[in-house]
Amino acid sequence: NLNRLVNFREYSNSIFTLFGALTLDNWNNVMWDTLMQGPQECTSNDIIDDCGGLGNLLYWLSYFVLATYIFANLIISIILDNFA
């Protein structure tokens, strides 16, 4: 779930959040928290806008496809390098 450490409001927190999602640590709750759409779930004001949308779903799907592809290629290249 999004909190003061797991969020996308600061660059450093967003990097840690994405790394945690890559390790599959509570990634589905973070994804669903970023997909909030109802006005009762948003705390939108002039400074902070945390209302999500379906664009976030496209972002998460593309992130996991690309990150898993890169991670799998990294693991395969390490294994093949050890056998060479």
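The questions and answers below go through a predicted model of one protein chain and set its values against the definitions used.

Q: What kind of model is this, and how are its residues numbered?
A: Residues are numbered from 1 along each chain as its sequence is written, and side-chain values use heavy atoms, with hydrogens and water left out. The model is predicted, and local features need pLDDT of at least 70 while side-chain atom pairs count only at pLDDT 80 or more, although totals for chains, interfaces and linings use all residues.

Q: How do you know that the span of helix H3 agrees with its number of residues?
A: The expected span of a helix is 1.5 Å times one less than its number of residues. Helix H3 (residues 54-83) has 30 residues and should therefore span 44 Å, and its end C-alpha atoms are 44 Å apart, which agrees.

Q: Why is Thr17 called buried?
A: Buried means under 20% relative accessible area, exposed means over 50%, and partly exposed lies in between (1.4 Å probe, protein chains only). Thr17 has a relative accessible area of 6%, so Thr17 is buried. This residue is found in helix H1, and, not counting residues up to four places away in sequence, Thr17 touches Leu5, Val6, Asn7, Phe8 and Val30, where contact means heavy atoms within 4.5 Å.

Q: Which residues of H3 are buried, and against which helices do they pack?
A: The buried residues of H3 are Trp60, Tyr63, Phe64 and Ala67, and they pack against helix H1 (11-22) and helix H2 (27-34). In the protein chain, buried residues make up 23% of the 84 residues.

Q: How is the packing of H1 and H3 described, and what makes up the contact?
A: The axes of H1 and H3 come within 11 Å and cross at roughly 65°; axes are lines fitted to C-alpha atoms, for helices over the stretch in contact, and angles run from 0 to 180 degrees between N-to-C directions. The contact is made by Leu18, Phe19, Ala21 and Leu22 of H1 and by Tyr59, Trp60, Tyr63, Phe64 and Ala67 of H3. These residues divide into nine nonpolar, no polar and no charged, given that Ala, Val, Leu, Ile, Met, Phe, Trp, Tyr, Cys and Pro count as nonpolar, Asp, Glu, Lys and Arg as charged, and the others, Gly among them, as polar.

Q: Why is the pair of Tyr63 and Phe64 called edge-to-face?
A: The structure holds seven aromatic pairs. Rings of Phe, Tyr and Trp (its six-membered ring) pair if their centres lie within 6.5 Å, and planes under 30 degrees apart count as stacked, over 60 as edge-to-face and the rest as tilted. The ring centres of Tyr63 and Phe64 are 5.5 Å apart and their planes stand at 70°, so the pair is edge-to-face. Both residues belong to one aromatic cluster, formed by Phe8, Trp27, Tyr59, Trp60, Tyr63 and Phe64.

Q: What is noted about phi in Leu24 and Asn26?
A: Most residues other than glycine have a negative phi. Phi of Leu24 is positive, near 65°, and Asn26 has a positive phi of about 60° although it is not a glycine.

Technical notes. Helix = DSSP H or I, 4+ residues; strand = E, 2+ residues; numbered from the N terminus.
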